[in-house]
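I set out to look up strand pairing, nonpolar cores, a pocket and some backbone angles, and I kept my entries in that order.

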Amino acid sequence: MLIVLKLAYYKWGERMILENQLCSIEIKIDVTYTIDSADNVSYDMVYNPNNFKRGDFYKTFSILIKHDSGSYRIALIGDYFIYDVDCAMLEGDILTILQNDSIIQLKTTDGSLKLCKKIDTCGVNFGIYPITTGYILYGEIEIIMLDLDFNVKWRFSGQDIFVSLSGKNTFTICEHFIRLIDFEDNYYEVDFSGKLLNQGKVY
């Protein structure tokens, strides 16, 4: 049986809080950050793994890591289309962060950069979620299954984008399948091998 892992996290306004027995983490978008500016908020570390320039379209995550031996404030510069809800996972001492088509990993013990990997995707990606065999990326155009090394295993797209203007929950990870609703109110049930189990219309 495939059991979906549960994370300890809370959504408070425009920030994401993650915590485990080792540390607590706050992630939010620093709307004032400008590359190469002397007026930025002070950070212990600044990472720009995809080498964005000052004139590019980018956004910056402000990441505060707290643990018993101290704390680190990290600026992580990434794609302009990033979201600070469901953007990260905390597994032991590894923080995994999604910035649209890039996955970044930081060591929470010292704030060091462990991994930066770009994923070939279509459209904007909203969130990343762990399951027992890997990770699920939720995007506007496609749902992507990644293995534990962040390699793409399969993709699924619907007839329209997976967003709703009426407040419907367009993406749900259930015990045996992923339930999706697209912009035209079509629903899909896809198993964890990428097979379409069921589809229909939401009324």
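My entries on this model follow.

**Basis.** I am working from a predicted model, in which local features need pLDDT of at least 70 and side-chain atom pairs count only at pLDDT 80 or more, while totals for chains, interfaces and linings use all residues. Residues are numbered from 1 along each chain as its sequence is written, and side-chain values use heavy atoms, with hydrogens and water left out.

**Strands.** I took strands as DSSP runs (E, at least two residues) numbered from the N terminus, and I called two strands paired if DSSP finds at least two bridges between them. Strand β2 (residues 16-19) pairs with strand β3 (residues 24-29) in the antiparallel sense over four bridges, and the two form a hairpin with four residues between them. Within this pairing, I17 stands opposite E26 in β3. I then found that β3 also pairs with strand β5 (residues 58-67), again antiparallel, over six bridges, where S24 has K66 in β5 as its bridge partner.

**Cores.** For a nonpolar core I required buried Ala, Val, Leu, Ile, Met, Phe, Trp, Tyr and Cys residues joined through side-chain atoms within 4.5 Å, with buried meaning under 20% relative accessible area, exposed over 50% and partly exposed in between (1.4 Å probe, protein chains only). The largest such core has 20 residues, and I25, I27 and I63 have the most contacts inside it. Among the elements that give two or more residues to this core are β2, β3 and β5, and β5 provides the largest share, three residues. I also listed the contacts (heavy atoms within 4.5 Å) of I25: leaving aside neighbours within four places in sequence, they include M16, I17, I63, L90 and T108. A second, separate core of 18 residues includes V124, F156, F162 and I178.

**Pocket.** Which residues line the second largest pocket? I found Y83, F126, Y129, Y138, V163, N169, T170 and F171. A pocket here is an open set of points on a 1 Å grid over the protein atoms alone, where a 1.4 Å probe fits, with protein on both sides within 12 Å along at least five of seven lines, and lining residues have an atom within 4 Å of a point. About 160 Å³ of space lies in this pocket, the volume being the space filled by probe spheres set on the points.

**Backbone angles.** D36, in the loop between β3 and β4, has a positive phi near 65° although it is not glycine, and D36 is exposed at a relative accessible area of 68%. N51, in the loop between β4 and β5, is likewise a non-glycine residue with a positive phi, about 55°, and N51 counts as exposed at 53%.
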